[in-house]
Amino acid sequence: MTAYSDARLKTDVATIAGALELVRQMRGVRYQRLDTGAAGIGVIAQELRAVTPELVAENPEGLLSVAYGNLVGVLIEAVKELAAKVETLEPRS
């Protein structure tokens with residue numbers, strides 16, 4: 001599965017600031033779907049919308065869905081923030 005991500009399709013591009021704090025506000029969950037009984041892992045759209053509304057869409061019936069692929073940008077920047085913190089804590093040789 002792919003999504004258009006070409007720079008030519010974007011404007012007002014800015015690096016995600018405070019990504020680690022955004023991730024801290026998110027909650028990963030295990031769940032069982034009411035309609036199918038299938039087990040899953042993910043997030044709750046209502047909770048995620050409070051943190052990153054750009055990742056949540058609402059259909060005409062009011063059901064929410066999550067653009068999980070777009071969550072990668074937040075996670076990438078959070079990992080980079082963590083890496084910078086680790087680098088400051090590692091002893092220099």
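This is a predicted model: local features need pLDDT of at least 70, side-chain atom pairs count only at pLDDT 80 or more; totals for chains, interfaces and linings use all residues.

User: Which residue does Glu21 form a salt bridge with?
Analyst: Arg24, with the closest N and O atoms 3.8 Å apart. They sit three residues apart in helix α1, so about one helical turn separates them.

User: And is Arg24 buried or exposed?
Analyst: Exposed, at a relative accessible area of 59%.

User: How many salt bridges does the structure hold?
Analyst: Six. One of them joins Glu47 and Arg27, at 2.6 Å from N to O. That pair links distant parts of the chain, since Glu47 is in helix α2 and Arg27 is in the loop between α1 and β1, 20 residues apart.

User: What about Glu77, what's the salt bridge partner there?
Analyst: Lys80, with 3.0 Å between the closest N and O atoms. Glu77 counts as buried because its relative accessibility is 15%, under the 20% cut-off. Lys80, at 48%, counts as partly exposed.

User: OK, switching to α3. Which residues are buried there?
Analyst: Leu71, Val74, Glu77 and Ala78. They cover an arc of only 135° around the axis, so they end up on the same side of α3. Val79 and Glu87 are exposed on the other side.

User: How far does that helix reach?
Analyst: α3 runs over residues 71-89 and reaches 27 Å from first C-alpha to last, close to the 27 Å expected.

User: What covers its buried residues?
Analyst: α1 is included in that cover.

User: Which residues have the most contacts inside the largest nonpolar core?
Analyst: Leu22, Met26, Leu48, Val66, Leu71 and Val74, in a core of 14 residues. Helices α1, α2 and α3 each supply at least two residues of this core.

User: And where does Thr52 lie?
Analyst: In the loop between α2 and β3. Thr52 counts as buried because its relative accessibility is 4%. Beyond its neighbours within four places in sequence, Thr52 is in contact with Leu22 and Met26.

User: Last one: how many bridges join β1 to β2?
Analyst: Four, and the strands run antiparallel. Val29, for example, has Gly42 in β2 as its bridge partner. The two strands form a hairpin with six residues between them, and Gly37 in the turn has a positive phi of about 80°.

Definitions and conventions
Residues are numbered from 1 along each chain as its sequence is written. Side-chain values use heavy atoms; hydrogens and water are left out. Two strands pair if DSSP finds at least two bridges between them. The expected span of a helix is 1.5 Å times one less than its number of residues. Buried means under 20% relative accessible area, exposed over 50%, partly exposed in between (1.4 Å probe, protein chains only). The arc is that of the directions from the helix axis to the C-beta atoms. Contact means heavy atoms within 4.5 Å. A nonpolar core is a set of buried Ala, Val, Leu, Ile, Met, Phe, Trp, Tyr and Cys residues joined through side-chain atoms within 4.5 Å. A salt bridge is a side-chain nitrogen of Lys or Arg within 4 Å of a carboxyl oxygen of Asp or Glu.
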